[in-house]
Amino acid sequence: MMDCLSDRLNLLDDVIPHDGLNVLSIAPTLKSLMHSSERANLQAIDFDPFVDGELLLAAPATESQQEIWLGVQMSPNANLACILSQSLQIGGRLNVDAMQAAIRALIDRHESLRTTFSGDGKTISIAKAVTFELPIRDLSALSSSDRAAAIDRYQQQAVNTPFDLQHGPLFRAQLLKLADRQHLLIWDVHHLICDGWSLGILLADLAAIYNSLNRGIAIALEQPEYFSEYTFAEQAQIGTPEAIATTAYWLQKFAELPPVLDLPTDYPRPPVRTFNSSREYYTLPANLVAQIEKLGVKHGCSVMTTLLSAFEVFLFKLTGQTDLTVGVPTSGQLATGRFNLVGHCVNFLPLRSRIDPAIAFGDYLRSRNSAILDDYERQNFTFGSLLQKLAIPRDASRIPLVPAVFNIDLDGGSTKSTFDELTTTLAFNRGEFATFEFFLNGFATASGQIDLDCQYNTNLFSATSIQQRLGEFANLLTQIVATPDRSLQQLSLLSPAQAQQLLVDWNATQTDFPSECIDRVFVRQVAESGEAIALIYQDRQLTYRELNERANRLANYLLAIGVKSGELVGIAVDRSIETIVAMLGILKAGGAYLPLDLSYPAARLAYMLENAQVSVLLTKTTARDRLPAHT
């Protein structure tokens, strides 16, 4: 059925050329009318797509979207964890009217920005038009401190305000006027309709549209890709030989389940998974990045493969586990050649590796290169569908298979998003919730550095330990490029300075103790501070003078009954002041003491007394019944 629909949609593509924005309101509409009965089973029975306005198109949600939609229903914080929020600092004379019109045109241009979901998450509704007014908030009259507080308040509001998936909109924006020539554009979009690739397209398109409107010329942009076509194409692949082979490939990969990757945490793992998160940042310097690229070229590998392999080794060094799985998000736009597509097109690959600690990193990298390429060639599947087919024991406190996620965006800064006569700086707004417990994301910069952004679960990790982990990853990379032939087990997460501090400096614990006996040192202390409190036990206490007098009386008694120099004297009393008195008294008499734990079995105590040839035992009457009968 879907194959038939796909054929007719492809035929329609041949008949109606995509030569302008107006096609957006023609071709998809005709496509939605063709064989609507064939797609009826994709929509919820009680779903009315026209309830929020005129509908341009209804289409099946992708499998990835349905999985995210389901996750959002299970936890309120999961909705907030799926908010992508950015702030664009704008310097210069901003044409506010042109900016507002540009955002409206951006919404008209991309189907995803006009998308909502059915009540069961299986169908997307694309509105023909969406009314949008850009809220403008004037903060220019505020003091600098009040203005900073207001900016923080609006940014926090952006990341902490959930989206209504059924009624929308799933895109919003607001403009803060900070001064006459200084503005801040805050925009948010739900991950269900957008991904990282899409954010770059949106910013580039916004700049191009703004520039055209500001100059008063026609907007000249390439025709966008339609997300509805992407969803229909995915549906058409279901059940094909290629899809069946892809599923079989991944099932074979995990025919034997890997052990749980147990990252060392700072806090006990909560019994139920949480979404509380924060971010820490670290920069890999340009010279180190250049060496990583050079090492990758030497072994025929990309920078992404080299860094991913290094990250796997990092996890091995961190956990000691040699069979581990790392989650890697991949771009559906890149895989399908739809480079101008805005939407949620992420496929999530669980890349499994088995590490031989005895081999060098160069050998490990070469072996991983072919395996990673094979995995990427079979990325047309969803992580959720794999989990459904694997007999994984469910743990409410963990994400199955992939607690650690890794991604490198090597196109950072390459997207053209220049606004006429304006200076702009883009940054993500830091949210309080995230999906994964450890997500290391890297962004290449124009200066050749790679900025690491680590999003982590605050119920598991502290900011201090995450900063330490990022530094350890940089240390590992530095060792790898310096000595690629060193075995993996010889690599260290510590820098030479850290190794010197931890293994040498902090381990230099040799202490020169006084050469005289401790009982004589004690007597000197009595002379210096005899009335000071020496011992406290419950409601009892002794001064140094009182303790010395009691120890002397015991020493004289022991000498009187024949204890000789070096002779062992047993002590069998519960922890108390008498314990210390006995130890000092024995030492003053020239003997040595053997402590006996009264919780031990009587047979063991008897063996210790006999083996040590103890002739004198100090104890209390109340403890006699716990000692060997013949003592």
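Helix 13 covers residues 361–377, which makes 17 residues, and spans 24 Å from its first C-alpha to its last. That is close to the 24 Å expected at 1.5 Å a residue, where the expected span is 1.5 Å times one less than the number of residues. Helices (H or I, at least four residues) and strands (E, at least two) are DSSP runs numbered from the N terminus.

The model is predicted: local features need pLDDT of at least 70, side-chain atom pairs count only at pLDDT 80 or more, and totals for chains, interfaces and linings use all residues. Residues are numbered from 1 along each chain as its sequence is written, and side-chain values use heavy atoms, with hydrogens and water left out.

Buried residues of helix 13 include Phe361, Tyr364, Leu365, Arg368 and Ile372. Buried means under 20% relative accessible area, exposed over 50%, and partly exposed in between (1.4 Å probe, protein chains only). An α-helix has 3.6 residues a turn, so residues three or four places apart point the same way. Among the elements covering the buried residues of helix 13 are helix 9 (241–253), helix 10 (286–298) and helix 15 (463–482).

Two helix pairs are set out below. Axes are lines fitted to C-alpha atoms, for helices over the stretch in contact, and angles run from 0 to 180 degrees between N-to-C directions. Contact means heavy atoms within 4.5 Å.

| Pair | Angle | Axis distance |
|---|---|---|
| Helix 9 and helix 13 | about 140° | 10 Å |
| Helix 10 and helix 15 | about 50° | 10 Å |

Helix 10 is therefore oblique to helix 15, and helix 9 and helix 13 are oblique to each other as well. Angles under 35 degrees count as roughly parallel, over 145 as roughly antiparallel, 65 to 115 as roughly perpendicular and the rest as oblique.

In helix 9, Tyr249, Trp250 and Lys253 meet Ala371, Asp374 and Asp375 of helix 13. By class, this contact has three nonpolar, no polar and three charged residues. Leu288, Gln291, Ile292 and Leu295 of helix 10 meet Ala474, Leu477, Thr478, Ile480 and Val481 of helix 15. Here the classes are seven nonpolar, two polar and no charged residues. Ala, Val, Leu, Ile, Met, Phe, Trp, Tyr, Cys and Pro count as nonpolar, Asp, Glu, Lys and Arg as charged, and the others, Gly among them, as polar.

Helix 8 (residues 227–237) has nine of its 11 residues buried, so it is largely enclosed by the rest of the structure. Just after helix 8, Gly239 takes a positive phi of about 85°.
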